[in-house]
Amino acid sequence: MIFAASLAAAVVIVVLSATALALWYERKLAARMQTRIGPQFVGPIGLFQPVADLLKLVQKEEIVPMGADRVLFALAPPLTVIFALAAAAFVPLWPGVAVVRSDVGVLLVIGFGGLAMVPVWMAGWASFNKYALLGAMRAVAQSISYGVPLVLAAMVPVILAGTMDLDGITQFQATHHWFGLWPIIPGLPAFILFLLAMLAESNRIPFDIPEAESELVAGVTTEYTGMQFGFVYLAEYVHTVVGAAIGSVMFLGGWDGPFAPGLHWLLLKTLCLFTFIYWIRWTLVRLRADQLMTLCWKWLVPAGLGLVFLSAAWNQTGWSR
Amino acid sequence: MEVTTPVRTLPYRKLELYEPEGDMLTLQLGPQHPSTHGVLRIKLHLDGEKIIKAVPYPGYLHRGVEKLCEQLTYVQMIPIVDKDDYIAPMHNEQALVMAFEKLLKIEVPRRGQWLRSLLSELQRVASHIFWLGTMSLDLGGALGGGSTNFIYCLRERELILDLFEELTGSRFHYNTHCIGGNRHDIPAGWAAKVHDAVNLIRARLPEYEAMSCNHRLFIERMRGVGVLTGALALELGITGPNLRASGVDHDLRRDAPYDAYREIPVNVQTAKEGDCLARTHVRLAEMRESLRLIDLLIDGMPTGPINSSRPAKQANQIKIPSGQAYASLESPRGELGTFVVAGNGEANTSPYRLKIRPPSLHALAALPYLLVGHNVSDAVAILGSLDPIMGEVDR
Amino acid sequence: MTPGFIIAALLIFAASIFTVRSSKLVHAVLWLGAMLASTAVLFIQLDAPFLAGIQLLLYVGGVMTLMIFGVMLTKKSGDGELRTESAPALRGLVISLALFGLLAGGIFSMTNGAPALQKPEEVASIAASVLGEHWLAFETLSVLLLAAMVGAILLARKRDAGAPESGKASPR
Amino acid sequence: MNLQACLLLSSGLFCVGLYGLLTRRNAIGILLSIEVMANAANLNFVAFSRYSGAGYGQVFALFVLALTVAEVAVGLALVMALFRSHRDALVELASAFRH
């Protein structure tokens with residue numbers, strides 16, 4: 001119990017500091033892609049830029065718009081962070097160790113991912129702003145649609161490994177190559193599908209339609225100021241970091257790897273996925289809401305169903321046992 | 001003569017069919033909005049996200065330039081109109097002085113004409129490349145792939161602004177055209193720099209195309225969106241790339257040639273579809289054409305004076321007693337014209353009335369027709385693809 | 001009676017009361033979400049983590065979303081205060097309290113005392129049960145879901161109110 | 001925790017749902033109350049399954065979950081239809097569906 005509690009505290013601290021680092025890393029990465037230099041004045045090579053950002057956000061005045069639903073408005077940003085962090089609890093850090101080990105870890109992780117939509121909608125509704133409301137509508141529609149391919153993609157490693165325990169999945173991958181590698185036919189497409197659905201669930205470009213700042217100003221975050229905005233912003237990054245971690249656990253073998261202890265490999269794989277996600281972000285333009293739905297229902301869901309069938313068939317052959 | 005106005009049906013859907021509290025949402029896009037390219041307000045009536053009626057309200061950037069020009073002397077106006085179309089100031093100046101030259105019956109020397117065309121083409125490239133950047137920004141957002149392309153495009157525009165800075169001493173509001181020619185002659189070694197810049201831009205153009213009009217997502221967002229028919233475009237007075245993308249082959253540089261275009265033929269770029277993608281293709285093709293023209297112009301630059309007389313030293317030196325004239329040229333956004341009625345007061349140093357015909361204002365007139373039936377995301381794409389510059393719309 | 005159970009039970013009960021009493025529909029929906037989420041916590045305590053996951057995914061993720069859509073699309077009711085007249089409120093209170101008294105009496109007079117905890121069910125056995133013994137119910141359920149989906153689409157489909165004023169009104 | 005506590009909670013929950021069902025006039029409010037009652041039933045299934053070891057409880061709870069999803073979908077569609085024709089979602093108006 002005490003071990004779990006201290007581990008939980010450690011994970012929260014690690015995830016939050018990793019998020020701060022990720023913020024810096026993303027800004028540097030984006031700057032390099034855009035022939036800029038990026039943050040460089042705060043600390044060595046701008047490493048403390050997130051701290052400066054935080055300080056700036058904390059001392060800003062928090063404005064609640066007239067006509068807003070004050071309670072929901074205040075409640076939504078912390079909730080987004082909590083839900084985004086909750087999924088991190090299930091990530092197996094090294095063999096057999098996670099903050100929460102559950103037989104149905106996959107299900108709970110996806111459940112918490114889906115929950116993240118609720119505070120986003122609360123924020124949009126409570127803001128009493130039409131842009132925020134449109135953003136909230138889009139967020140809800142997107143979340144409920146992309147939940148389906150996300151579950152289907154997650155089903156593939158579950159079926160192949162025969163367990164819903166995240167650590168069990170990783171253990172299975174460690175002995176049978178990773179799902180990104182073998183079996184390559186349901187594995188790799190499922191990974192791509194998972195990545196796409198995860199991008200959509202965490203509202204990253206090209207699916208960042210709920211906060212499309214060129215259309216909806218800032219979507220659900222339009223009316224947020226100060227630390228309230230900081231929370232929403234933070235949750236976005238936490239969501240991406242945790243999503244990348246889950247992706248590497250479920251498809252890239254998690255802590256499995258030679259030479260180094262498990263946590264190193266998990267972090268390395270998460271970093272690679274994170275870089276990939278932000279590479280996409282700083283390269284592509286975004287889709288339109290209806291194109292997003294078309295992509296989901298006409299392509300991703302049938303593909304996911306096919307992959308689930310394929311992996312079940314693969315399981316029947318017994319080759320991977 | 002009987003004037004027949006064509007019967008144009010309203011583009012709007014019946015608003016009475018929508019319950020104001022139920023299905024319909026009125027969204028004010030602007031005046032402060034990241035994608036209105038300045039300060040434009042568009043009142044959107046939405047059904048869900050679908051636009052059922054759109055009314056643009058320009059005027060937030062009105063600075064009274066035309067009225068101000070009635071008070072200023074002819075020499076003083078040039079730096080003022082620089083700020084109209086703040087993406088292509090060269091064309092503003094030139095359109096103004098062309099009207100005055102027409103009134104005064106001054107012929108610009110051949111080198112002056114070629115220089116003007118060269119500046120005009122350089123400015124056109126700068127304007128179009130800036131447009132490509134903002135268009136990407138509209139589609140991809142300031143926090144996404146769009147901004148990457150935007151920064152790349154701005155980097156290329158800097159090359160041209162550097163050239164202008166070396167020539168005129170200022171990066172943006174040049175005040176280089178004067179009545180009868182130009183103020184600044186080409187400095188030594190400038191021609192080589194122009195070649196370098198042109199070659200660099202030409203070499204990098206495929207990169208931008210790969211990130212924009214050849215990119216799958218970009219095409220998905222642009223194709224079939226905001227189709228402007230040629231007939232409607234002609235009726236609304238839309239000119240420039242917006243018109244040419246709708247299949248109407250019209251370009252003042254070829255159809256009413258001025259300056260060096262009398263000697264150098266321009267290949268006019270057109271497209272048939274009339275959608276946002278066609279407008280993108282036309283602008284990019286025009287950019288390549290302009291790069292070709294720049295090479296020709298700088299290589300064939302004749303020698304001689306650049307001005308028919310010494311530039312006016314005193315503000316009230318130029319006097320136009322009476323008469324009226326209209327002169328227009330092909331700006332990056334279309335036909336930019338100046339209509340001037342001379343003769344104000346005793347001194348005759350300022351016009352009685354001056355009217356600027358901005359192409360962007362006419363492009364905005366198409367918005368109510370183009371936006372209906374699309375959703376909010378498309379509204380941003382359509383507005384961006386029309387390339388309106390609010391400084392020019394409101395003046 | 002572990003403290004975890006007491007906390008979860010209190011949360012569930014309070015959230016359910018707020019669900020039925022909130023004067024704003026939006027708040028009611030969110031309270032329902034809170035109640036469903038805390039029920040998921042209770043399920044975990046009852047060694048049914050699979051059901052808890054499903055509850056989170058399907059109820060909080062799915063049903064809540066549907067409800068939210070319902071509230072947003074029927075905006076007039078969502079904005080306004082929900083009135084509850086006092087006479088039906090009293091009647092409802094009496095009826096439900098009477099039922100509660102009946103049920104509680106039944107529960108407290110259970111003759112065989114408090115049964116002991118059994119071995120918790122495993123996910124695999126649930127799966128075997130659903131797809132093995134209860135396959136007919138499972139298949140029927142899928143048909144029902146399909147029928148519900150089709151029916152919902154048919155019912156909620158919108159007649160095109162906003163037809164253009166004339167055939168070629170829109171230049172597109 | 002014992003079975004009786006669980007049953008007491010679920011019966012309380014059911015009665016709260018019943019109260020909502022009897023007092024709400026808004027159709028969505030009624031749907032919400034039904035959800036509360038269904039949740040009470042689910043709690044019962046899980047609790048009995050846990051204490052009886054029969055094993056079907058969770059399976060039943062799963063079926064109930066799926067059923068409520070279907071019910072909510074159709075119910076909301078009805079509410080939408082009601083709202084479309086009457087601009088409000090009060091159940092009294094639903095008598096209009098007879099025509």
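Guide: Let's start with one pair of residues: A:R288 makes a salt bridge with B:D378, and the closest N and O atoms are 2.9 Å apart. A salt bridge here is a side-chain nitrogen of Lys or Arg within 4 Å of a carboxyl oxygen of Asp or Glu. This is a predicted model, in which local features need pLDDT of at least 70 and side-chain atom pairs count only at pLDDT 80 or more, while totals for chains, interfaces and linings use all residues. Residues are numbered from 1 along each chain as its sequence is written, chains are lettered from A and ligands numbered from 1 in the order in which they are written, and side-chain values use heavy atoms, with hydrogens and water left out.

Visitor: How many salt bridges are there between chain A and chain B?

Guide: The count is one. The contact (heavy atoms within 4.5 Å) takes 25 residues from chain A and 40 residues from chain B.

Visitor: What does B:S377 touch?

Guide: Leaving out residues up to four places away in sequence, B:S377 touches A:R138, A:E215, A:R288 and B:R221. B:S377 sits in helix α14 (residues 376-386) of chain B. Helices are DSSP runs of H or I with at least four residues, strands are E runs of at least two, and both are numbered from the N terminus.

Visitor: Is B:S377 buried or exposed?

Guide: Buried means under 20% relative accessible area, exposed over 50%, and partly exposed in between (1.4 Å probe, protein chains only). B:S377 has 1% relative accessibility, so it counts as buried.

Visitor: How should I read the size of an interface?

Guide: It is often given as the accessible area lost when the parts come together. Here that buried area uses a 1.4 Å probe and is summed over both parts. Chain A and chain B bury about 2,700 Å² between them, with 57% of it on carbon and sulfur atoms. For chain C and chain D, the buried area is about 6,900 Å², with 75% on carbon and sulfur atoms. On the chain C side, C:V20, C:L46 and C:Y59 lose the most area to chain D, together 10% of what that side buries. This contact takes 82 residues from chain C and 69 residues from chain D, and the count of salt bridges between these two chains is zero.

Visitor: How many helices and strands does chain C have?

Guide: Chain C has seven helices and zero strands. Of its 172 residues, 39% are buried.

Visitor: In what order do the strands of the open sheet in chain B run?

Guide: Two strands pair if DSSP finds at least two bridges between them. In chain B, three strands pair in the order β1-β2-β3, antiparallel, as an open sheet. Strands β1 (24-29) and β3 (50-57) of chain B stand at the edges with a single partner strand each, so one side of each has no neighbour in the sheet. Seven bridges join β2 (residues 41-47) of chain B to β3(B); B:I42, for example, has B:P56 in β3(B) as its bridge partner.

Conventions:
Buried area is the accessible area (1.4 Å probe) that two parts lose on being put together, summed over both.
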